[in-house]
Amino acid sequence: MSRIRAAVLGSPIEHSLSPVLHRAAYRELGLADWSYDRFDLGEAALADFMAGLGPEWAGLSLTMPLKRAVIPLLDAISDTAASVEAVNTVVLTADGRRLGDNTDIPGIIAALHERGVDKVDSAAILGAGATASSALAALGRICTGEVTAYVRSRARADEMLRWGERLGVAVRTADWADASRALTAPLVIATTPAGAADRLAADVPDAPGTLFDVLYDPWPTPLAAAWSARGGRLLGGLDLLVHQAVLQVEQMTGRTPGPLAAMRAAGEAALRARH
């Protein structure tokens with residue numbers, strides 16, 4: 001039986017949950033001839049890796065630092081990927097084309113929809129990195145009002161304002177020192193590295209709205225734990241990972257995984273095993 005290959009690329013990559021999630025989807029779909037691996041790969045090695053892919057390859061997942069570096073190596077990218085200049089999914093077609101997409105943005109939207117969040121009249125973003133631009137693009141589709149981005153520097157503020165202008169989203173920036181004010185927004189998306197937002201746990205208001213903290217290890221973060229304890233709706237990084245992975249599996253295999261439960265359970269089990 002010939003095998004069909006897919007993999008996640010990036011650096012560092014050893015802690016990626018993508019193999020766990022994709023393999024769980026393959027089991028659900030009965031795709032015994034599909035394999036999914038991981039490769040620790042930096043920007044300098046990407047072109048050679050792509051050039052060496054044979055016809056057995058169906059797709060790639062990309063994480064940092066490759067989401068922008070891959071774009072010149074592709075035949076086309078989707079409007080969604082172009083909007084944030086970031087590709088996290090490459091589909092290798094039977095006729096040899098390499099098509100790029102970004103499933104983080106619809107993944108954020110799908111995860112929120114699963115929890116009953118379809119529209120908000122305002123929102124806040126904590127942080128201004130690559131994930132923040134995807135969050136901003138997602139908010140452009142569900143937020144009817146202003147998005148406030150809490151950032152650490154003038155340069156980061158200018159970057160978020162540029163993204164807002166490009167994406168057609170009304171963005172206001174505020175200093176990170178005032179980040180506790182973000183917690184009163186109906187939807188807060190935290191895109192900061194582990195530990196960066198921990199101090200905000202003490203400032204979670206009574207009856208908070210929805211927090212989407214994109215971290216998943218360690219979980220829950222102090223902010224997430226405080227949010228949940230006060231009765232707020234809570235989403236974590238695993239929610240994003242599962243929903244964006246479902247979309248990747250659909251594009252690479254042409255089949256839709258069943259309920260998300262199997263993929264989420266596999267991810268949760270993998271995280272428990274790490275601790």
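Modeller: Let's start with one side chain. At 37% relative accessibility, Glu 114 counts as partly exposed. Keep in mind that this is a predicted model.

Colleague: What does Glu 114 meet in a salt bridge?
Modeller: The side chain of Arg 264. The N to O distance is 3.1 Å.

Colleague: Is Arg 264 buried or exposed, and what's its relative accessibility?
Modeller: Buried, at 17%. The cut-off for buried is under 20%, so Arg 264 falls in that class.

Colleague: Which Asp also forms a salt bridge with Arg 264?
Modeller: Asp 239, with the closest N and O atoms 3.2 Å apart. Asp 239 belongs to helix H8, residues 237–253, and lies 25 residues from Arg 264 in helix H9. Both Arg 264 and Asp 239 are buried.

Colleague: How many salt bridges does the structure hold?
Modeller: Eleven. Another one pairs Asp 158 with Arg 154, at 3.1 Å between the closest N and O atoms.

Colleague: Where do Asp 158 and Arg 154 lie?
Modeller: Both are in helix H6. They are four residues apart, about one turn of the helix. Asp 158 is partly exposed, with a relative accessible area of 32%. Arg 154 is exposed, at 52%.

Colleague: What is Phe 212 in contact with?
Modeller: Leave aside its neighbours within four places in sequence. Then Phe 212 is in contact with Ile 108, Ala 111, Leu 112, Val 188, Ile 189, Ala 190, Leu 235, Gly 236 and Leu 240.

Colleague: Where is Thr 191?
Modeller: In the loop between S10 and strand S11, which spans 210–213. Thr 191 is buried, at 12% relative accessibility.

Colleague: What lies 2.7 Å from a polar atom of the Thr 191 side chain?
Modeller: The backbone oxygen of Leu 126. Not counting residues up to four places away in sequence, Thr 191 touches several residues, among them Ile 125, Leu 126, Gly 127, Thr 131 and Val 214.

Colleague: On to the strands. How many bridges join S1 to S2?
Modeller: Seven. Strand S1 covers residues 4–10, strand S2 covers residues 34–40, and they run parallel. As an example, Arg 5 has Ser 35 in S2 as its bridge partner.

Colleague: What does the chain go through from S1 to S2?
Modeller: Helix H1, residues 18–29. This β-α-β crossover is right-handed.

Colleague: Which residues does a cis peptide bond join?
Modeller: Met 64 and Pro 65, with omega about 5°. Pro 65 is in the loop between strand S3 (57–62) and strand S4 (76–77). The bond from Trp 219 to Pro 220 is also cis, with omega near 0°. Pro 220 is in the loop between S11 and helix H7 (222–229).

Colleague: Why point these out?
Modeller: Because most peptide bonds are trans, and most residues other than glycine have a negative phi.

Colleague: What's the phi of Glu 85?
Modeller: Positive, about 50°, although Glu 85 is not a glycine. Glu 85 is in the loop between helix H3 (79–84) and strand S5 (89–92).

Colleague: And Ala 207, buried or exposed?
Modeller: Exposed, at 68% relative accessibility. Ala 207 has a positive phi of about 50° too, and it is found in the loop between S10 and S11.

Terms used: Residues are numbered from 1 along each chain as its sequence is written. This is a predicted model: local features need pLDDT of at least 70, side-chain atom pairs count only at pLDDT 80 or more; totals for chains, interfaces and linings use all residues. Side-chain values use heavy atoms; hydrogens and water are left out. Contact means heavy atoms within 4.5 Å. A salt bridge is a side-chain nitrogen of Lys or Arg within 4 Å of a carboxyl oxygen of Asp or Glu. Buried means under 20% relative accessible area, exposed over 50%, partly exposed in between (1.4 Å probe, protein chains only). Helices (H or I, at least four residues) and strands (E, at least two) are DSSP runs, numbered from the N terminus. A polar contact is a pair of N or O atoms within 3.5 Å; within protein, one must be able to donate a hydrogen and the other to accept it, and residues adjacent in sequence count only if both atoms are side-chain atoms. Two strands pair if DSSP finds at least two bridges between them. A crossover is right-handed if, with the strands pointing away from the viewer, the path from the first strand over the helix to the second runs clockwise.
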